[in-house]
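Hi,

Here's the structure I promised to pass on.

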Amino acid sequence: MIKLISNGVYYNNGKLIRAKSVDNNAKKGSMAYKILASHNQSNDPNKLNVKFDEITSHDITYVGIIQTAKASGLEKFPIPYTLTNCHNSLCAVGGTINEDDHVFGLSAAKKYGGAFVPPHLAVIHQYMREMRAFCGAMILGSDSHTRYGALGTLAVGEGGPELVKQLLNRTYDLDMPEIIAVNLKGRLRKGVGPHDVALALVKATFKSGFVKNKILEFVGNGIKTLSMDFRNGIDVMTTETTCLSSIWQTDKKTQEYYIEHGRADAYKEMNPEEGTYYDKGIVIDLSKVEPMIALPFHPSNAYTIREFLSRPYELLKECEEAGQKLLPQGKGEFKLVDKIKDGKVYVEQGVIAGCAGGMYENISEASNILGDAEINNNDFTLDVYPSSQPVYKGLVDNGYISKLIENGAVIKTAFCGPCFGAGDVPQNNGLSIRHTTRNFESREGSKPANGQLSAVALMDARSIAATAKNGGAITSAMDEAYSNKVKKYRFDNKIYKARVFNAVNSGDAKKELVYGPNIADWPKMQALKDDLLLKVVSVLNDPVTTTDELIPSGETSSYRSNPLKLAEFALSRKDPMYVGRAKAVRDGAFPIELGLDENKTTYGSVVCSIKPGDGSAREQAASCQRVLGGVANIAFEYATKRYRSNLINWGMIPFLADKNDFAIDEYILIKDIKKGIESGKKEFKAVILGENKREITLKMDALTDAEKQIILKGCLINYYRG
């Protein structure tokens with residue numbers, strides 16, 4: 001159903017044609033190239049300095065961003081900044097601190113001139129789709145799933161410091177990325193939803209890194225067969241391929257979407273030029289896509305439901321063995337094969353939620369599939385979270401909500417919690433099926449260090465409904481007889497007019513920021529000295545280390561306004577001894593026994609791993625290490641550009657090594673590190689001190705001039721303070 005083309009292709013008459021050679025001039029005909037070029041502030045088309053049209057954050061990230069920008073000289077928001085509240089909106093942890101963050105966000109919107117979307121009103125990406133995206137725009141968000149490509153907006157998810165740069169009128173710097181054509185052809189069959197297409201794409205591309213840090217440009221005749229909800233549902237999941245961003249051809253359906261949402265002027269027709277050259281190609285035959293299931297513990301661990309049900313024991317046993325490795329030895333047991341009963345696979349929970357699952361058509365069609373069936377009220381539950389209050393109202397107006405309630409589903413408000421472990425945590429050894437974005441280990445909220453572990457499998461809302469109809473036995477929606485026709489959705493903007501605070505371009509500098517007792521300033525970061533001494537405090541040998549493992553989500557999110565408190569949770573699910581070791585380096589005496597000059601040597605900790613940084617854009621994956629005294633990472637490669645950028649922006653050096661053969665408590669000495677970074681060196685001779693003394697070479701991909709200075713100064717805040 002998906003074909004990957006590794007060499008260059010031309011786009012002609014809705015088809016991809018293999019190219020015999022690279023055609024740099026024909027690259028300029030792509031939609032992505034034109035958008036990037038129009039936002040580039042440099043004179044070099046290959047070295048981009050991008051200024052975005054708008055930025056957006058949610059309530060896990062905006063406090064830290066604003067605090068960082070304020071410490072760096074922020075006076076007003078120079079571009080529209082939308083602050084949403086969809087991650088810490090339950091206010092269930094830490095007393096008043098979640099709501100204190102919301103009050104701080106509202107006060108910042110008033111003072112600096114921004115928009116504030118109150119809790120439960122909309123998840124971040126649904127609001128941006130409905131009210132802020134526009135054709136030809138670029139939007140930067142401090143959430144990895146910042147994707148509005150189906151609406152003609154090139155959107156990028158990055159760590160908070162990149163938003164700080166935009167707030168300080170600086171630029172987002174990158175090399176012109178490769179652009180990959182994704183040619184859609186054919187028509188989806190009934191029972192197949194957007195998550196099925198997305199999971200098939202993730203499976204085809206993730207492990208090989210086929211689209212890593214590249215832009216996906218969706219083209220082809222198959223686009224016109226897809227509704228906007230379907231396009232948005234596929235688009236938001238492109239993050240899981242590790243691509244940088246995405247963009248789609250626009251058409252009459254796109255225009256109708258903008259008109260329906262009261263923003264007709266936001267539309268313009270967008271198409272690549274005939275003969276446009278793309279660096280690679282992907283062909284998706286929509287007519288061959290089947291209902292999919294992504295098994296624990298990654299969206300790429302995907303199979304057709306048909307294949308999964310043909311060999312469930314084998315596949316669940318693999319997941320079971322992977323899960324068992326997450327539990328401390330002798331502490332707990334993880335079981336999944338016991339879900340197989342009488343030839344069927346039963347799960348305990350279904351969830352349809354967030355920016356991927358909670359859209360109108362997903363929920364409406366799920367309701368159609370359920371029909372009059374009653375959901376098993378003993379062993380299976382179904383929770384539904386509409387992605388915004390306007391979507392919720394549309395579902396109410398057309399009778400879908402009342403029908404779902406009658407079925408036994410529980411309807412909740414717009415909230416991202418099921419995507420990151422802040423709601424609907426299954427029981428120990430439970431298996432939840434979800435139309436959400438991710439199913440990484442422990443991301444559903446369990447705590448393996450405490451001997452408790454559950455898991456999530458990703459499925460489309462349609463097959464989740466089919467499963468609910470059959471008492472929790474995993475079922476493909478293609479096996480159900482139902483109507484896929486849904487009642488027309490009518491967007492009602494009265495909801496936002498009544499509740500959203502909008503002071504874009506009209507802030508009042510006299511207003512004061514409102515601080516709760518948990519909101520704390522960043523501690524001081526030290527500038528880099530001549531030499532560098534690292535002490536290894538954690539060695540991670542997993543093939544990929546996600547940002548959820550570097551700094552867990554869930555209840556820890558409540559402490560993201562307090563850098564010191566949050567840092568206590570760093571690596572807690574992966575290496576519980578890390579925080580203690582890092583603090584011992586940060587707070588301990590300089591190891592004078594090594595014969596080094598303390599005045600000329602930066603001394604700090606380092607985490608060594610294979611491929612860190614997959615998943616969330618959260619800057620705290622890096623900043624927590626920095627707060628604990630970290631000054632570098634050593635990795636074979638970095639999973640995403642955004643994690644590497646987060647390291648740099650917090651003054652940490654992103655070293656590369658050919659192998660991860662380091663040991664806890666080893667010292668690594670790099671002489672003349674300051675000169676090396678200043679001169680742009682890409683290789684550094686280092687010495688491992690201790691019993692196994694040896695010389696190694698550490699490498700580093702090229703840094704921009706600004707990135708060099710940020711590392712030399714010690715962090716982004718120091719750099720902007722001067």
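Searching the whole structure, which is a predicted model, turns up 19 aromatic pairs. One of them is Tyr-257 with Tyr-258, an edge-to-face pair with 6.1 Å from centre to centre and 85 degrees between the planes. Both of these come out as buried: Tyr-257 has a relative accessible area of 10%, and Tyr-258 has 0%.

Another pair is Trp-522 with Trp-650, which is tilted, at 4.3 Å centre to centre and 45 degrees between the planes. This one links distant parts of the chain, as the two residues are 128 apart. Trp-522 is in the loop between β25 and β26 (531-539), while Trp-650 is in the loop between α22 (641-649) and β31 (653-656). Trp-522 and Trp-650 are both buried. There's also an aromatic cluster, made of Phe-77, Tyr-81 and Tyr-112.

On to the overall picture. The protein has 25 helices and 34 strands. A compact globule with 722 residues would have a radius of gyration near 27 Å, and the protein has 25 Å, so the two agree. Along the principal axes, the C-alpha atoms fill a box of roughly 75 × 60 × 60 Å. Of the 722 residues, 65% are buried. If you take the contacts with a separation of 6 or more, 77% of them are between residues 24 or more positions apart.

For β9, the pairing is with β8 (residues 138-141), in the parallel sense and over 4 bridges. Met-138 has Leu-154 of β9 as its bridge partner.

In β4, Leu-48 and Val-50 make up the covered face, and Lys-47 and Asn-49 the uncovered one. β4 pairs with β10 (residues 172-175) in the antiparallel sense, over 4 bridges. Leu-48, from the covered face, has Leu-174 in β10 as its bridge partner.

A few backbone details next:

- The peptide bond from Pro-296 to Phe-297 is cis, with omega near 10 degrees. Phe-297 is in the loop between β16 (292-294) and β17 (302-304).
- Asn-213 is not a glycine, yet has a positive phi of about 60 degrees. You'll find Asn-213 in the loop between α6 (194-205) and β12 (215-219).
- Ser-442 is another residue other than glycine with a positive phi, here near 70 degrees. Ser-442 is in the loop between β23 (431-435) and β24 (455-459).

Are those last two buried or exposed? Asn-213 has 28% relative accessibility, so it counts as partly exposed. Ser-442 has 4%, so it counts as buried.

Last, Ser-561. This serine is in the loop between α18 (547-550) and α19 (563-567), and it's buried, with a relative accessible area of 5%. What does Ser-561 touch, leaving out residues up to four places away in sequence? The list is Val-63, Asp-101, Asn-518, Ile-519 and Ala-520. As for Leu-533, 28 residues from Ser-561 along the chain, 30 Å separates the two C-alpha atoms.

Cheers

Key
Residues numbered from 1 in each chain as written. Predicted model: local features only at pLDDT ≥ 70, side-chain atom pairs only at ≥ 80, totals over all residues. Heavy atoms only, no water. Pairing = 2+ DSSP bridges. Buried < 20%, exposed > 50% of the residue type's maximum accessible area, 1.4 Å probe, protein only. Rg over C-alpha atoms; globule rule 2.2 N^0.38 Å. Contact = heavy atoms within 4.5 Å. Phe/Tyr/Trp six-rings, centres within 6.5 Å; stacked < 30°, edge-to-face > 60°.
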